[in-house]
Amino acid sequence: MTFAIPLTDLAADGRPLQPDECASVAQRAACLLDPDTLAQARTCGGSVVLWEDEHSVCWLNVMPERRDTGYHDHDGSAVGVFVIEGSVTNEGLPIGRPRRVHRYGPGDSFSFPGSGIHRMDHDAGAITVHVYSPPLRFIGYYEVVGGLLQRTPGPPDEASPESPRLLTALADR
């Protein structure tokens, strides 16, 4: 992949980024992707690390098919997301209130704190840039097991599983 300037220059602040800064950096990174890189990404699908340093990591995510991340956390890493193509939804884990699903389309960005639990649903064809700060170490996956909410840690470079029993429990309230 080729870029007009080194993408690592975007996050060279020498400190971890706040959630809104992650979203701003994700947008700037998306604007630097050339058309050939995006065409190659559309063909291959999946996720590609655009940079990683001690304070942040940036992923280009291409979803040829619909993808629900299930409820998960980023183990303390804030995230900022910029939508290049398609649409995605983001939903925090609600406790004692109705679910609130937010839909984002091309040109939209949003962020989520490192302490948050959320899920994203990527429509088929969605292309997004995600900036995590500090870099992801683990992802905690959430599901209802034996009637209790359970967190299972997993590696940051593997797809998180959906949370069907948790979604059912939330829908039944």
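## The largest pocket

In this predicted model, the lining of the largest pocket is made up of 9 nonpolar, 10 polar and 3 charged residues. The space inside this pocket comes to about 380 Å³. Its lining has 22 residues, and the closest to the centre are Ser 47, Asn 61, Arg 67, Tyr 132 and Ala 159.

Which elements give two or more residues to that lining? They are strand E1 (46–52), strand E2 (57–63), strand E9 (117–122) and strand E10 (126–133). E2 provides the largest share, with 4 residues.

## The open sheet

Several of those strands return in the next part of the picture. An open sheet is formed by 5 strands with antiparallel pairing, and the order to follow on screen is E1-E2-E10-E5-E8. At the edges stand E1 and strand E8 (109–112); each has a single partner strand, so one side of each is left without a neighbour in the sheet. From one strand to the next, the twist averages 20°.

For a look at one pairing within the sheet, take E2 and E10, which are joined in the antiparallel sense over 7 bridges. Here Leu 60 can be found opposite Val 129 of E10.

## Two helices on the sheet

Helix H1 (residues 19–32) packs on this sheet and touches E1, E2, strand E5 (78–85), E8 and E10. The direction of H1 makes about 30° with that of E5. Helix H2 (residues 35–44) lies across E1, E2, E5 and E10, and runs at about 60° to E2.

Is Ala 30 buried or exposed? This residue of helix H1 has a relative accessible area of 9%, under the 20% cut-off, and is therefore buried. Leaving aside residues up to four places away in sequence, Ala 30 touches Phe 82, Ile 84 and Val 129. Val 129 is the E10 residue that stands opposite Leu 60. For a sense of scale, the C-alpha atoms of Ala 30 and Leu 166 are separated by 33 Å, and these two residues are 136 residues apart along the chain.

## Strand E9 and its partners

Why can E9 be called largely enclosed by the rest of the structure? The reason is that 5 of its 6 residues are buried. E9 also belongs to the strands that give two or more residues to the lining of the largest pocket.

Strand E3, E4 and E6 each pair with E9, and they can be visited in turn. Strand E3 (residues 67–68) is antiparallel to E9 and is joined to it by 2 bridges; there, Asp 68 stands opposite Asp 121. E4 also pairs with E9 in the antiparallel sense, over 2 bridges, with His 72 opposite His 118. Strand E6 (residues 88–92) pairs with E9 over 5 bridges, again in the antiparallel sense, and the bridge partner of Asn 90 is Met 120.

## Loops worth a look

Where does Pro 134 sit? It is in the loop between E10 and strand E11 (139–145). The peptide bond that joins Ser 133 and Pro 134 is cis, with omega at about -10°.

Asp 75 belongs to the loop between strand E4 (72–73) and E5. Although Asp 75 is not a glycine, it has a positive phi of about 50°. With a relative accessible area of 28%, Asp 75 is partly exposed.

Pro 106 is in the loop between strand E7 (102–104) and E8. Its relative accessibility is 55%, over the 50% cut-off, so Pro 106 counts as exposed. Not counting residues up to four places away in sequence, Pro 106 touches Val 83, Ile 84, Glu 85 and Gly 86. Ile 84 is also among the residues that Ala 30 touches. Between the C-alpha atoms of Pro 106 and Gly 76 the separation is 27 Å, with the two residues 30 residues apart along the chain.

Note on methods. Residues are numbered from 1 along each chain as its sequence is written. This is a predicted model: local features need pLDDT of at least 70, side-chain atom pairs count only at pLDDT 80 or more; totals for chains, interfaces and linings use all residues. Side-chain values use heavy atoms; hydrogens and water are left out. On a 1 Å grid over the protein atoms alone, a cavity is a set of points where a 1.4 Å probe fits but cannot get out, and a pocket is an open set with protein on both sides within 12 Å along at least five of seven lines; lining residues have an atom within 4 Å of a point. Grid points are joined across faces, edges and corners, and a volume is the space filled by probe spheres set on the points. Ala, Val, Leu, Ile, Met, Phe, Trp, Tyr, Cys and Pro count as nonpolar, Asp, Glu, Lys and Arg as charged, and the others, Gly among them, as polar. Two strands pair if DSSP finds at least two bridges between them. Axes are lines fitted to C-alpha atoms, for helices over the stretch in contact, and angles run from 0 to 180 degrees between N-to-C directions. Contact means heavy atoms within 4.5 Å. Buried means under 20% relative accessible area, exposed over 50%, partly exposed in between (1.4 Å probe, protein chains only).
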